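This briefing concerns one protein model and its ligand. Please examine the sequence and structure below before reading the notes that follow.

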Amino acid sequence: MSAADESLATRKAPFDVARIREDFPILKRLVHGKPLVYLDNSASTQKPQAVIDAMARFYADGYSNVHRGVYLLSEEATRSFEEARDKVRAFLGARETREIVFVRGTTEAINLVAHTWGRRHVGEGDEVLVSGLEHHSNIVPWQLLCEEKGGRLRVLPIDDRGELMLDRLDELLTPRTRILAVAHISNALGTVNPIRRIVEAAHRRGVKVLVDGAQAVAHHAVDVRDLGCDFYAFSGHKVYGPTGVGVLYGRAELLEAMPPYQGGGDMIRSVSFEKTTFGEIPHKFEAGTPDIGGAVVLGRAIDYVTAIGLEAIAAHETDLLARATEAIRDLPGVRLIGTAREKASVLSFVIQGIHAHDIGTVLDADGIAVRAGHLCAQPVMERFGIPATVRASFGMYNTREEIEAFARAVRKVLEMFR
Ligand code: PMP
């Protein structure tokens, strides 16, 4: 066991941000000579030493391809890979391990469902319902599907706070609606959507629900059975794990009935030139050599997050969000974008007369990393009549002092441009 693993295993203390920060080597970095203040956690999270060590250890000690060898190393790698799948299952509260498909990330998970379930169930005149706060990756795959099949993409709008207009839901769930695809938490606005209620409304009409959990899993405990959704997608890199690996959860009976996504090795039962039969789920959807190391290390990231506790993380981030909101909301010219009653970890804003990129650049000079742009959510920008926002997004290792530094830097922007 490495020192990082031991530090994790012995962690009994209540949430201790100073202690958590010690686990993240990158937080010791200087940026432009200033301590790094990393507030772009919605884009991607930094990695704790336990995750970095697990990656090195897997390649140094336990690596081979999976599901093929009769030799010890391959058996070990296969066991590690499948154990990681079971960790994901527990993390999401799924009933069965075979309901967990490893993919590249949220984007691939959504494309998989659109290509397989979607192509089979969405036909001419059928409808796919998305919401007005989706990331492009939960819009474009459905748009492509609708274009191909002659379907229609419909949109559940958002109000001025950035909350879904749920009173429109019943009218938008028509007899032609086949699937509703919605984010658990909005990456641009931070809105936490009432997924259970949405799923109930959809299921009453026989409509399937895919939840884009990219922004949720690092901030909220998720239980797919409690939510009742049919599909749930997330990315490893947003939950303190590696890039290149993510997860699609799908209810077993749906996955079983779906055609494969890609063809290749590892997803077949038998192949001949006349006919190929496919393997069982989830392998049917995992053609080719997967990101074995990524999956194994994602399991380690889940251990890390679980040991700290998502409830404690959520409470900490809620405090940071409240402080950051309080600190900038009344500054002259500042307009918050997204003021939903239920928000998580995201503070988007604009300042009248100052371009978002200029704000981002001034903050960067002080070592503060925020996102500036359309946040891969151009329809949200259009809804609020702006080209771009600045987004500060929080993770478990951010501190109140960092929020103060952020607020000071925003005030500096105002001084510089006024
Ligand atoms: N959905 C949401 C809500 C996101 O925030 C993101 C990442 N910004 C994605 C989907 C896409 O995730 P990935 O790029 O990891 O596939």
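Phe278 is partly exposed, with a relative accessible area of 35%; partly exposed lies between buried, under 20%, and exposed, over 50% (1.4 Å probe, protein chains only). The model is predicted: local features need pLDDT of at least 70, side-chain atom pairs count only at pLDDT 80 or more, and totals for chains, interfaces and linings use all residues. Residues are numbered from 1 along each chain as its sequence is written, and side-chain values use heavy atoms, with hydrogens and water left out.

**Surface**
- Phe278 belongs to strand β12, residues 276–278 (strands are DSSP E runs of at least two residues, helices H or I runs of at least four, numbered from the N terminus).
- Together with Ile268 and Val271, Phe278 makes a nonpolar surface patch of about 240 Å².
- Such a patch joins nonpolar side chains within 5 Å, from residues with over 30% relative accessible area and no salt bridge (a side-chain nitrogen of Lys or Arg within 4 Å of a carboxyl oxygen of Asp or Glu).

**Helix α4**
- Leu72, in helix α4 (residues 72–92), is exposed at 55% relative accessible area.

**Ligand**
- Residues surrounding the ligand (a heavy atom within 4 Å) include Asn187, Asp212 and Lys238.
- The protein covers 85% of the 400 Å² of accessible area that the ligand has on its own (Shrake-Rupley method, 1.4 Å probe).

Note on methods. Patches are made of residues with over 30% relative accessible area and no salt bridge: like charges are joined within 9 Å, nonpolar side chains (Val, Leu, Ile, Met, Phe, Trp, Tyr) within 5 Å.
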